[in-house]
Amino acid sequence: MANLKEIRNRISSVSSTMQITSAMKMVSAAKLKKAQDAITAMRPYSDKLSELLQSLSATLDADSGSKYSTQREVKKVLLVPITSNRGLAGAFNSNIIKEVTKLAAEKYANKDVSYLVIGKKSNDAFKKTNKVIDNKSEVYDDLTFDNVAEIAEMLMEKFVDGEFDKIEIVYNKFKNAATQIVMTEQFLPIVPFESDSDVNLDYIFEPSKAEIVEQLIPKSLKTQLYKSIRDSFASEHGARMTAMHKATDNATELRDQLKLTYNKARQASITNEILEIVGGAEALNN
């Protein structure tokens, strides 16, 4: 059995860890509320904009299609993993890294795959492949639509210039504080809309449908990327809050076990001292 000093040191160490994890949990809980409100308010707009864009695109002739919907033979693929800049969030980052690695190894096994990473954790994971074309982890320093729009514009430019034939985003979609869903969304080219034959799309457009689509596409793509990063941002705080809650519970349980061990060891030590005193007194009497 460990001596009393070692047990006391372990109790002190575990208690300090418990205070840190508890503080991190409260910080993440406070940040989660704001991030959750932001993504919840944004989703209806983003979904309706994408639905409108895809509905309009479905009615256009092939010759009048947008440069962003051009279907080419897929040879060069760009994957955009969205992770966090910090760890201590459970499987939040590792799930994204695993999914992106799986995509590169299976779905795009015979393709030229590159990465544009958002988040230091994804940069650390993929920079060893020497295929990271850019690292946009600084976007979290000031997460605004304008800053994300710059990244989206760069992606659109690379697709139009033919640098990449397909661009996909991989991120964690926020469901609740304890659940994040790994999502893989095609960013470019725009996914064709499969409309129901019963849906009436016979409208009068002013200006023309083609002009409306050309104006909506850049805005829709920027919104899609911004929503994905916002989703990931909320998921990060939810995952970290849950992880720190579990860590705090585990630390509390371990501290209680150590205290019990300490009390038993102290009781055994006192008992031994009493026995030694009694034994000494007996020896003197004899």
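1. Three aromatic pairs are present in the structure; rings of Phe, Tyr and Trp (its six-membered ring) pair if their centres lie within 6.5 Å, and planes under 30 degrees apart count as stacked, over 60 as edge-to-face and the rest as tilted. One of them is stacked, because the ring centres of Tyr-115 and Phe-126 are 4.6 Å apart with the planes at 15°. Tyr-115 belongs to strand E2 (residues 112-117) and Phe-126 to helix H3 (residues 120-126), 11 residues apart. Helices (H or I, at least four residues) and strands (E, at least two) are DSSP runs, numbered from the N terminus.

2. This is a predicted model: local features need pLDDT of at least 70, side-chain atom pairs count only at pLDDT 80 or more, and totals for chains, interfaces and linings use all residues. Residues are numbered from 1 along each chain as its sequence is written, and side-chain values use heavy atoms, with hydrogens and water left out.

3. Tyr-115 and Phe-126 are both buried (under 20% relative accessible area; exposed is over 50%, partly exposed in between; 1.4 Å probe, protein chains only).

4. The rings of Phe-145 and Tyr-226 have centres 5.5 Å apart and planes at 85°, so this pair is edge-to-face. Phe-145 is in helix H4 (residues 145-160) and Tyr-226 in helix H5, so the pair ties together parts 81 residues apart in sequence. Phe-145 is partly exposed at 31% relative accessibility, whereas Tyr-226 is buried at 13%.

5. Ile-274 lies in helix H5 (residues 209-285) and is partly exposed, with a relative accessible area of 47%.
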